[in-house]
Amino acid sequence: MTEIIDSQAPDETRTDSGAVVVPEKPALEGLEDKWSAQWKADGTYAFDRTQPRENVFSIDTPPPTVSGSLHVGHVFSYSHTDLIARFQRMRGKSVFYPMGWDDNGLPTERRVQNYFGVRCDPSLPYEADFTPPERPDPKKQVPISRPNFVELCNRLVVEDEEVFESLWRTLGLSVDWDQTYTTIGAKAQKVSQTAFLRNYARGEAYLQDAPTLWDVTFQTAVAQAELEARDYAGAYHRVTFHRPDGETVAIETTRPELIPSVVALIAHPDDERYQPLFGTTVASPVFGVEIPVVAHPAAEMDKGAGIAMCCTFGDLTDVTWWRELDLPVRTVIGRDGRFLRETPEWLAAERAATAYAELAGKSVFSAREAMVAALRESGDLIGEPTPTQRMANFYEKGDKPLEIVATRQWYIRNGGRDAALRAEMLDRAGEIQWLPAHMRHRYDNWVGGLNGDWLISRQRFFGIPFPVWYPLDEDGEPDYAHPLMPAEAELPVDPSTQAPHGYSEEQRGKPGGFLGDPDVMDTWATSSLTPQIAGGWETDDDLWQRVFPMDLATHAHDIIRTWLFSRVVRAHFENHAAPWTHALISGFIVDPDRKKMSKSKGNVVVPDEILGKYGADAVRWRAAIARPGLDSPFDESQMKVGRRLAMKVLNVSKFVLGGVGATSANSVEVTEPIDCALLGRLAAVVTKATDAFEAYDYTTALEVTEKFFWEFCDDYVELVKGRAYAEDGGAPTESARATLSLALKVQLRLLAPFLPYVTEEVWSWWQEGSIHRSEWPLVAELGSAAASDPAAVDAVASALIGIRSAKSQAKVSMRAELSRVEISGPELLVRAAELAEQDLRSSGKITGELLFTVTDATELSVAAELAPTE
């Protein structure tokens, strides 16, 4: 056996066998550095791709956003994945456990802009020798070309990824670091573009000019899954429209600035107040544009005036009315969030054009002020605006309400407009085991509430480009109906720097030439393919056949609607299956007031701090007590409990292996009744912990294991200490040592998924190889003793508690001698305690009588007398 010497503890205790080296002063400090380096050198967690699919356990790991920062919630949820991975590996599975880095998207672009003091200007040429400013100024950002900007993005994310990997290694994630990918890398680009081309060929992806939720700050389209409804201060304005007969119709609106974009007034078909107006027109205030009055069942008779103006577009209801009533598009707000500078054609009349000139080029807020002033002047504002709070849609990362503008975007069908496809998406959920089961309802509710297809294009720079060009006609106008696509063998491609087949770069942007699609794919359009990217879809068929469908996907419940659902959509189209068999949903780690942790609230706990203060094993222990799907309040003091457990593992192991030299597990017969009873109890623990882990219930596995461990330390070890120390104790001593050794060997493996560092350290004192490559404990290892009645353990523990209590009440040391002890109670418990008579005498320092008396009592009780002192 290779002897591993702890550099922090030069003095060792060596057993008679000469093969066990136990540090004189074992410590937790330094274990993360020591063992993470050893695991890396040994390839301890490498995936064995020679194993058949039935012997593989594959995991779809969430790729963290490297441009962001991790908090303790991330540490906990990623620990949950690792608990399952370690258990499955010890069960003999070859675990495919990759790590991805989500490095594209708006967060990366914003970070690069601020970090380097630059901004992207696609019109600029590439500079091969570009160097970012030495002293970046976020307020005076230097414009650079798109290729230069992408280079800086790639440069920064590599640095971020190194920081993240270091943290994950310290935490002890048993990831195979040879199986990594990035969501912007060549592998991800090829997979994403391949899947897109196939989606398009099958009619699942399409280009459409349609109303789009738009963030004016980030200048990009936003998908339904990225919406966040927030309270927003506003005001109701009562405004009059004019009928041909001179009468007026009053409506109430919170967005008077959109009056120039009104395309209809809409009331409920059963509303008697407005039935005479259906089919007629009214003139808009200030502008005088003729507007039809129509009926729609979605109009609310009891809200406001019961009649509403439909603008293109003020909100999602307007979109519904526009689509279902076949209304025209009259957009006045541009992509920059400002009113169009040129007068729209439907406002060409002198009166309307003059009025619109007061709004042109203004922000939404300024235009609203100008419009209200114009309504006051024309007499069309009834009374003063009434303040209100309304719900508005925001981009989850934005700080201004979204606008709805008409833009040309790429979509993937997801069931939002197709009842049959929606049903198929719901059926796919039935192929997945949800942990906990009620989380499926969130998936079903999301799919059932979809109101449109998945918008996947974004107006950004650092992302995977669409592999699409558009031919330009003789006037230089793009022919969007006949896009140019590359062959799959040509992928990956970048249309902004490469010309399509049959064209040259000189023809870019010229009549008769081509135009590259300027957009990139939404980050979810790439992350939705993480099983395919990590698993070698269309690039490594041997690997793909061994890992897909994957066994486990883990994530927090807030991304069921995004990452989880999007992967189901893509696997449904590409593989005609659910992407994995199990979905484990983590809850949030919240602050003591049960508020979600976020940087904006100032309640984030930085992982480096708690890892440095308490150690990875303690942090992982705390993570493991958070059950799937349940939010868990964070209390730093809980880490102390986990650290105490890890220290106890070191100390009790030092006693068992070094103190009494109990290293002969499975080589000596266990003969004493109390020893057999302990192993019988341990057999039940092995069964419960194994069953819990098989059900992905890592918390219960920890609870039953930890409870037994403390009972083992506090009761059994104290009970048999004297017998185990005996030099000539014969069979009883050998039985105690064998039980201590065997129980420790089993418990270390039960604790290994939770406390990987301290269990590996102790394992190295007396066993070959890594504990994390050892076999998960089996009841059969405990021999015939596994069938023993464990009741004696409880009886003896009660007797020990009684003896300790008597000494405590007498305010004497636990080493004080007792001259007489009587243990009484029901016969079953008394006889069970009697089996450990000699151990009780030794551990309790009983020098005189030890009586076992059967009574009618229902519980065991202990009466003790102190031995006289000189």
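Which residue in E15 is the bridge partner of Ala267? The bridge partner is Ala295.

The model is a predicted one, in which local features need pLDDT of at least 70 and side-chain atom pairs count only at pLDDT 80 or more, whereas totals for chains, interfaces and linings use all residues. Residues are numbered from 1 along each chain as its sequence is written, and side-chain values use heavy atoms, with hydrogens and water left out.

**Overview**

The chain has 24 helices and 31 strands; these are DSSP runs numbered from the N terminus, with helices (H or I) of at least four residues and strands (E) of at least two. Along the principal axes, the C-alpha atoms fill a box of roughly 115 × 65 × 55 Å. Of the 870 residues, 54% count as buried, where buried means under 20% relative accessible area, exposed over 50% and partly exposed in between (1.4 Å probe, protein chains only). Among contacts (heavy atoms within 4.5 Å) with a separation of 6 or more, 76% come from residues 24 or more positions apart.

Strands of a sheet pair through backbone hydrogen bonds, either parallel or antiparallel. Here two strands are taken to pair if DSSP finds at least two bridges between them. Strand E13 (residues 262-267) is joined to E16 by five bridges, and the two run antiparallel. Within this pairing, Leu265 stands opposite Met309 and Ala267 stands opposite Ile307. Three bridges join E13 to strand E15 (residues 290-295), and this pair runs parallel. E13 is mostly covered, with six of its six residues buried. Strand E16 (residues 307-311) has four of its five residues buried, so it is largely enclosed by the rest of the structure.

**A five-strand open sheet**

Five strands form an open sheet with parallel pairing, in the order E4-E3-E25-E26-E19. Strand E4 (94-96) and strand E19 (433-435) are its edge strands, each pairing on one side only. Neighbouring strands are turned by 20° against each other on average, direction ignored. Strand E3 (residues 56-60) and E4 are joined by three bridges and run parallel, with Ser58 opposite Phe96 in E4. Helix H2 (residues 72-90) packs on the sheet, touching E3, E4, strand E25 (550-556) and strand E26 (580-586), and its direction makes about 170° with that of E3.

**Helix packing**

Two packed helices are described by the angle between their axes and the distance between the axes. The axes are lines fitted to C-alpha atoms, for helices over the stretch in contact, and angles run from 0 to 180 degrees between N-to-C directions.

| Helix pair | Angle | Axis distance |
|---|---|---|
| H9 (residues 419-429) and H14 (residues 560-575) | about 105° | 10 Å |
| H3 (residues 106-116) and H4 (residues 146-171) | about 95° | 10 Å |

H9 and H14 are therefore roughly perpendicular to each other, a term that covers angles of 65 to 115 degrees. In their contact, Leu421, Glu424, Met425 and Arg428 of H9 meet Phe565, Val568, Val569, His572 and Phe573 of H14. These residues divide into six nonpolar, one polar and two charged; Ala, Val, Leu, Ile, Met, Phe, Trp, Tyr, Cys and Pro count as nonpolar, Asp, Glu, Lys and Arg as charged, and the others, Gly among them, as polar.

H3 and H4 are likewise roughly perpendicular. The contact of H3 with H4 has eight nonpolar, two polar and five charged residues.

**Buried helices**

Helix H21 (residues 756-766) is mostly covered, since 11 of its 11 residues are buried; among them are Trp763, Trp765 and Trp766. In helix H23 (residues 827-834), Val830, Ala832 and Ala833 are buried. They cover an arc of only 165° around the axis, which puts them on the same side of H23; the arc is that of the directions from the helix axis to the C-beta atoms. The cover over these residues includes helix H22 (791-809), strand E29 (818-825), helix H24 (837-844) and strand E30 (846-854).

**Backbone geometry**

Most residues other than glycine have a negative phi, and most peptide bonds are trans. A cis peptide bond joins Thr312 and Phe313, with omega about 5°; Phe313 lies in the loop between E16 and helix H6 (316-324). Another cis peptide bond joins Phe548 and Pro549, with omega about -5°, and Pro549 is found in the loop between helix H13 (541-547) and E25.

Lys811, not a glycine, has a positive phi of about 55°. Lys811 sits in the loop between H22 and E29 and counts as exposed at 77% relative accessibility. Lys845 also has a positive phi of about 55°. Lys845 belongs to the loop between H24 and E30 and is partly exposed, with a relative accessible area of 33%.

Note on methods
Parallel < 35°, antiparallel > 145°, perpendicular 65-115°, else oblique.
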